[in-house]
Number of protein chains: 2
Amino acid sequence: MTEFAPPGTRYCALPLPFAMKRGGALHGARVAYETWGTLAPGADNAVLILTGLSPNAHAASNDGNPEPGWWEAMLGPGKAIDTTRWFVICVNSLGSCKGSTGAASIDPATGEQYRLAFPDLSIEDVARAAHAVVDALGIERLACVIGCSMGGMSALSYIQQFPHGARGHINVSGAAQALPFSIAIRSLQREAIRLDPHWNLGRYDETHYPDAGMRIARKLGVVTYRSALEWHGRFGRVRLDSERREDDPFGLEFEVESYLEGHARRFVRQFDPNCYLYLSRSMDWFDLAEVGGGDILAGLATLRVERTLAIGVATDILFPLQQQEQIAGGLAAGGADAHCLALPSPQGHDAFLVDIERFAPAVAGFLARL
Amino acid sequence: MTEFAPPGTRYCALPLPFAMKRGGALHGARVAYETWGTLAPGADNAVLILTGLSPNAHAASNDGNPEPGWWEAMLGPGKAIDTTRWFVICVNSLGSCKGSTGAASIDPATGEQYRLAFPDLSIEDVARAAHAVVDALGIERLACVIGCSMGGMSALSYIQQFPHGARGHINVSGAAQALPFSIAIRSLQREAIRLDPHWNLGRYDETHYPDAGMRIARKLGVVTYRSALEWHGRFGRVRLDSERREDDPFGLEFEVESYLEGHARRFVRQFDPNCYLYLSRSMDWFDLAEVGGGDILAGLATLRVERTLAIGVATDILFPLQQQEQIAGGLAAGGADAHCLALPSPQGHDAFLVDIERFAPAVAGFLARL
C-alpha cells in the first residue's frame, strides 16, 4: 500500500530476510526516503533525519516534489539544515504507511495485507531500516543524525546499534525510554481505535473504517502535542460564530473544539490505523536502559557519538524536558561533548515544527560547529 | 433513577418550577444530600461541601450509612472538617445520577427518562439547587462553602448568586472559568461517548450501553486527574507479571495500563453516560467573567465573602495552579481576606483526595480561624 507516499518518494530494499527485534522477519520489505543536496566525494557530509510517528519522508520540497514538506522552514538552501552544504536524507519509518513496509503493506507470503500479522515493531527495527538506506547510499558514517520526537528514540537506537555511525547527533524533543504518562496516553489512543467496531481486529476497509477511533486518537494526540499555555493565549474561551457552531449542547462551540476537529479531519483517512497501532506501541517498548543493565544513564553512556545537542521545551508534557536533559547527561557520561538546550517555546511537544525562530538557530549553530 | 444513590441519602425538593439558566425549567426536581454533626441553635456552624463531577453526597460515613465516603479522611469527629463543631452538608450536584435529578431521571411530563430532553445544565443551576438544600435546612448564612474541582466552580457561583451567603470559602483545585486545555479534554471525553454506537443519541439501555465510550472518557479523566511526576515514581516502566499480561502486542502489558483499566471497570456502569455529558459541558460553559463585564478578575471582585482560602497544586494540569491564584487575587480585589496556598503534592488534580497529609492541615487551619 503506497497510496500515502507522496510523489518523488524513493525506495530502498531491506536486506532479506529482515529480522525483527521482537521476533519474526520481513521478506521483500523496503523503506521510503527522500534526499536533498549532494553527497560529497568523501561521503562525509550526510545528515539523516528520523521522524515522529506520522510524517512521511518529504521533510521539504525538492526536485522530486516541489510541495512544501513537514520541516520546510528548517531544511533547504541557506536554511538551518543547509542543503548547499549537507546531503540530507529523510527516511519514512519502517512500519509506517507512507511508503515504507508496514501493517498496511502486502505480505508476500499471502498476497494479502499484513494487518495484525505484521510482526511486532520496535524502535530498534526502525533504526536498522534507516541504516539500510544510509548503507545503500554508500555512506559509512553520518555527519549527523537528527531525530524528532519518536525519531529522537530512533536516532538514539541508530547510534546504539551502529557505534561511531554518526559523528554528531541532534535529539529534538526525544527520549531514551518511554515513561508511564506517555504510555498511558498512547495506550488510550490505541484503545480508542481498537474499541471502534469498524476496526474489526484490523480487518477494516474503506467502507467500514474506524473513523471514530482514529478521530479520538488524533485529537488526543493534538492535545498532548501542544500546551495549555499556548492554547490559553491562542483560543481563550472564544466561541465559533453562529454559522460554524453546531446546534447541539455537546456539539462544536468553542474555537478549541473546532481546532481539534480540523486536525482530526485532516488525519483520519490519511494514516493507516493498524500502522498507527504498531508505531505507537514501538515507542512504549523503547528503553535504552536495556543496554545499561537496567539503568538508563548507563545505557546512554554506552553510545558512541562525538557531539550531541538535545533540545527540549518546558511545556512539552509528552516528552518532558527532563528526558532531553537525561539524554545529554547520559551521552556526556559516555564521553560525548553533549549539551541540553531548553527553549522557552510555549507550543509544547510540537514546538520544533512551529517555533522555527528558536529551533533554527539552535540546529544551525550545532551543524556549523560540526 | 435513584439506583446510584447510596443508602441513607436524603432528598430536598427544588422549588417548582426550577428555572434553568440557559432556558427551560425542571418540575418536581430534587437534589440528594447528606449531613454530619448538629446544626447550632443560631444555625451559624454550617459548612456546605460541593463536589467534583462524579462523587455522590456520601462524603464520609454517618448514621445513615456507615460505609466510608469519598472524603472520609477529611471529614468526621476530630478531623480537619470536625463534625463535633460543624454541621456539614454535602450536596450531590443537580444533573448527576447519584440521587439528584438529571438526564437519567424520569421526566414527569412524559413518564420517561429525560435523556437528551433534559435542559442545558449550568454550574449556576448546580449552585442554586445546593442553595435550596441550605435554605430548606433553615440556614441563612453558611459558615463556609467548600468546593472541590467542579465543586470549586459551583461554590464560586453560590457566593456570586447569594451575596453574603457564606462567611468563608475554601476553593480546592477549582476555577473561576474553564480554559481551552480543559475544554479540549472534556470535549474529547464527550466525543468518545457520543461516537460509541451504543450511545445511540442518548437512548442506550443496560443491554446496549456505551461501555467503550465511557471507558475512554474515564481513562482520559484519570490521566488528567493525576500527574506524570507521580506516575513516574509509582509505575515507572514496570510490567504486569505473565499471568496478568494479555497475549496481544496492544493488550495490557504495563502496570500503568492495568491501573487505568481498573479505574475504567469501576466507573463505566456506575455513572450514567448522559449525566456525564451534561455535567462535563456545564464546566466548559462556566465563566465568572460574565459578571465582570468580560473580565475574570472583575467578575471575581463582585463576590462578597469575608475569608477565602484557595488551595492548588503545581502538578494539576486540569485546573492549574494559576486558576487558584486567580481566585484568591480576584476575591481579594473584592475586599475578601483571600489567600492562595500552593501545595507541593505530586498527585495532580486528585491530590485533595489522597494527599490528606497536606490538605487536612490547610483546611483545618482555615476553619479554626473562622
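Are B:Lys219 and A:Glu191 buried or exposed? Both B:Lys219 and A:Glu191 are buried, where buried means under 20% relative accessible area, exposed over 50% and partly exposed in between (1.4 Å probe, protein chains only).

The model is predicted: local features need pLDDT of at least 70, side-chain atom pairs count only at pLDDT 80 or more, and totals for chains, interfaces and linings use all residues. Residues are numbered from 1 along each chain as its sequence is written, chains are lettered from A in the order in which they are written, and side-chain values use heavy atoms, with hydrogens and water left out.

**Interface**

In chain A, 48 residues are in contact with 49 residues of chain B; contact means heavy atoms within 4.5 Å. About 4300 Å² is buried between chain A and chain B, 67% of it from carbon and sulfur atoms. This area is the accessible area (1.4 Å probe) that two parts lose on being put together, summed over both.

**Salt bridges**

A salt bridge is a side-chain nitrogen of Lys or Arg within 4 Å of a carboxyl oxygen of Asp or Glu.

| Pair | Distance |
|---|---|
| B:Lys219 and A:Glu191 | 2.6 Å |
| B:Asp248 and A:Arg194 | 3.5 Å |
| B:Asp125 and B:Arg128 | 2.5 Å |
| B:Glu255 and B:Arg244 | 3.5 Å |

B:Asp125 and B:Arg128 both lie in helix α1 (residues 123-136) of chain B, 3 residues apart, about one turn of the helix. Helices (H or I, at least four residues) are DSSP runs, numbered from the N terminus. B:Asp125 counts as buried at 0% relative accessibility, whereas B:Arg128 is partly exposed at 22%. B:Glu255 is partly exposed with a relative accessible area of 21%, and B:Arg244 is partly exposed with 43%.

**Aromatic rings**

Over all chains there are 28 aromatic pairs, counted for rings of Phe, Tyr and Trp (its six-membered ring) with centres within 6.5 Å; planes under 30 degrees apart count as stacked, over 60 as edge-to-face and the rest as tilted. The ring centres of A:Tyr114 and A:Phe118 are 5.0 Å apart and the planes are at 90°, so this pair is edge-to-face. A:Tyr114 and A:Phe118 are both buried. One aromatic cluster is formed by A:Tyr114, A:Phe118, A:Tyr278 and B:Phe250.

How values were computed. Helix = DSSP H or I, 4+ residues; strand = E, 2+ residues; numbered from the N terminus.
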